[in-house]
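Walk through this protein model one region at a time. Keep the sequence and the 3D view side by side.

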Amino acid sequence: MQPRGNRRWWALFALVPAVLAVGLDATVLSVALPTLAADLHASTDQLQWFVVAYTLVFAAAMVPAGLLGDRFGRRRLLLAALAVFGLGSLACAYSSSPGQLIAARALLGLGGAALVPVAMAVLPVLFAESERPKAIAAIMAATMLGYPIGPILGGWLLDHYWWGWVFLMNVPVVLLGLVTVAVLLPESRGERRTGIDLAGILSSSAGLAALTYGVIQAGDHGWTDRRALLMLAAGGALLTGFVVVQRRAADPLVDLRLFASAGFSWGTGLATAVSFVLFGVLFVMPQYFQAVLGTGAQGSGLRLLPLVAGLLIGAPLADRLARRIGDARAIGLGLVIIAVTFAVATQTTRGTGTLFTVAWIGVNGIGTGLALPTAMDAALGALATQRAAVGSAVIQALRMVGGSFGAAVLGSVLNAGYHARLDLAGLPAPAAAAVRESVSAGVTVATRLGSPALRTSVVDAFLHGMAAMMWTCAGLAAACALLTLLLMPRRRPAPEEPRPSSATMAA
C-alpha cells in the first residue's frame with residue numbers, strides 16, 4: 001500500500017542523501033590517488049587496492065543486501081547502511097597507512113552496497129506505476145549529481161586542506177540521510193522470506209578477492225610469481241565452487257537460470273566489459289594530470305568532467321538510437337567510439353596538451369553513454385517481468401566486479417609497463433625503491449634530487465605503461481564491438497510491463 005498524500009514524496013526526499021553519498025564517493029577517490037600515493041607512501045598496487053577494496057565488497061554485498069532488506073525491513077537496513085557508510089568515511093579520513101585505508105574502504109563498500117539497491121526496492125512500495133518514472137528520475141538525478149560534485153569539491157579540498165576531508169565530506173550527507181530516513185520513510189518488507197545463501201556469499205567473495213589479489217601481485221612481481229599463480233588458481237577454484245553451490249542451493253544468491261537467456265548474457269557481459277575499461281580511465285588519468293602535467297587536485301577533477309558530460313550526452317541518445325538501428329548496432333557504435341578514443345590516447349607524449357586529453361575523454365564518455373545503458377536495457381528486456389528485480393541486482397553486481405577487475409588488471413598492465421622502462425642506474429637503493437612505487441613517488445624523488453633526467457625517465461616510463469593500458473582497453477572494446485555486431489541477438493522480447501530504468505542502473 002502506498003502512503004497517502006504528499007508523504008510519499010517526502011519519503012523520496014529521504015532517499016536522496018543516501019544515493020548522493022554513493023555518487024560522491026564514486027569519483028572523489030580518483031582525484032585523491034596521487035595525494036594518497038605521496039602522503040601514505042602507497043605503491044601502485046596499493047593504489048589499486050584503494051579502488052578494488054571498495055568495489056569488490058560493494059559487488060559481493062549488493063545482492064545479499066537486497067535479500068536482507070526484504071527480510072528484516074528496508075528502512076532498518078538503510079539506517080544501518082548509512083551508519084556503516086559514515087563510520088567507513090571516518091575510518092578512511094583518519095587512516096595512517098595504506099593497509100588501514102584499504103580496510104576502511106572495504107567498510108565503506110559494505111555500507112554503500114545496500115544504499116542504492118535498497119533505495120530502488122523501496123520505490124514500488126511508495127509509488128504507483130504511473131508515478132514511478134518521476135521517482136526513478138529523482139533517484140537517478142541525485143546519483144548523477146554526485147559525479148561532477150565529487151571531483152570538483154574533492155579537488156578543491158585536496159588543494160587547500162588535509163586529504164581526509166575528501167572522505168569527511170560524506171559525513172554531513174550521511175547524518176542528513178539518517179535523520180530523513182528515520183523520520184520520513186515508512187518501513188517495508190518483502191512478501192516472501194527467502195533463505196540466506198551463506199555458502200554462496202563466502203565462495204563468491206573469497207573467489208573474487210583471490211583472483212584480484214593474484215592479478216595485482218602478478219602486475220607487481222610478474223606473471224611467473226608463485227604467490228600470484230597460487231592466488232589465481234585458488235580464485236578460479238572458489239568461483240567454480242560458487243557455480244556448483246548455486247546450482248544446488250534452495251535459495252541461491254544468484255539464479256543461474258538468468259544466463260540461459262542470450263539477451264541477458266550478452267547485455268550483462270557487455271555492460272561488465274564497459275565498466276572494466278571505464279575504471280581504467282578513472283584510475284590512470286588523475287595520476288597523469290597531476291604527475292605529468294603538474295596540475296593540482298582540483299584541476300585534475302575539472303579535467304575529468306568531460307567524461308561525465310559525455311555520459312550525460314550519450315545516455316539520452318542511446319534509447320532513441322537503439323529503437324532506430326537496434327540494440328546490437330547501438331552498443332557496437334558505442335564500443336567502436338570507446339576503442340577509437342583509447343587508440344587516440346596511446347599517442348599521448350610529454351608535450352601533449354590538456355585540450356587533446358579532455359577531447360578524447362569527452363568523446364569516450366559519449367561512447368560509454370551509448371553502450372552502457374543500452375546493454376543493460378537489453379539484458380533486462382530479455383527477462384520475464386517477475387525476474388526483473390533479481391536481474392537488475394545481478395547486472396549491477398557484475399558491473400562492480402568488472403570495475404574491480406578493470407582497476408586490478410589495467411593497473412597491473414600500467415605497473416608492468418612503468419617498471420619495464422625505468423632507468424634507475426646510479427640511484428641509491430632507497431630512492432630506486434621509492435621511484436618504483438608509483439609515478440607520483442618517482443616525480444617527487446626526481447624533484448628532491450634535482451634531477452631532470454630522472455624525471456624524464458619516470459614520466460616516459462609512465463607514459464609507456466599508460467599506452468600499454470590504453471591499447472588493452474582499445475583491444476577489448478574493439479573485440480566486444482565485433483562480437484556484438486556479429487553474434488548478439490538482433491531483437492529483444494517486448495516486456496509485459498515497464499522495467500526498471502537502465503539509466504538509473506548506469507548511474
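Is His 41 buried or exposed? His 41 is exposed, with a relative accessible area of 57%. Buried here means under 20% relative accessible area, exposed means over 50%, and partly exposed lies in between (1.4 Å probe, protein chains only). The model is predicted: local features need pLDDT of at least 70, side-chain atom pairs count only at pLDDT 80 or more, and totals for chains, interfaces and linings use all residues. Residues are numbered from 1 along each chain as its sequence is written, and side-chain values use heavy atoms, with hydrogens and water left out.

Stay with His 41. His 41 sits in the loop between helix H1 (7-39) and H2. Helices are DSSP runs of H or I with at least four residues, numbered from the N terminus. The phi of His 41 is near 55°, a positive value in a residue other than glycine. Most residues other than glycine have a negative phi.

Next, the salt bridge. The term means a side-chain nitrogen of Lys or Arg within 4 Å of a carboxyl oxygen of Asp or Glu. A search of the whole structure finds one. Asp 460 and Arg 350 form it through their side chains, at 2.7 Å, N to O. Asp 460 lies in helix H17 (residues 452-487) and Arg 350 in the loop between helix H12 (327-345) and helix H13 (354-381), so the pair ties together parts that are 110 residues apart in sequence. Asp 460 is partly exposed, at 32% relative accessible area.

Now turn to the second largest pocket. Its volume is about 350 Å³. A pocket is an open set of points on a 1 Å grid where a 1.4 Å probe fits, with protein on both sides within 12 Å along at least five of seven lines; lining residues have an atom within 4 Å of a point. The lining has 17 residues, of which Leu 208, Phe 242, Val 254, Leu 398 and Val 401 lie nearest the centre. By class, 15 are nonpolar, two are polar and none is charged. H2 (44-72), H8 (198-221), H9 (226-248) and H14 (388-421) each supply at least two of the lining residues.

Last, the surface. A nonpolar patch of about 1000 Å² includes Leu 87, Tyr 94, Trp 156 and Trp 165. Patch residues have over 30% relative accessible area and no salt bridge, and nonpolar side chains are joined within 5 Å. H3 (74-93), H4 (98-126) and H5 (132-160) each supply at least two residues. The largest share, three residues, comes from H5.

Key
Grid points are joined across faces, edges and corners, and a volume is the space filled by probe spheres set on the points. Ala, Val, Leu, Ile, Met, Phe, Trp, Tyr, Cys and Pro count as nonpolar, Asp, Glu, Lys and Arg as charged, and the others, Gly among them, as polar. Patches are made of residues with over 30% relative accessible area and no salt bridge: like charges are joined within 9 Å, nonpolar side chains (Val, Leu, Ile, Met, Phe, Trp, Tyr) within 5 Å. Accessible areas come from the Shrake-Rupley method with a 1.4 Å probe; for residues, only the protein chains shown count as cover.
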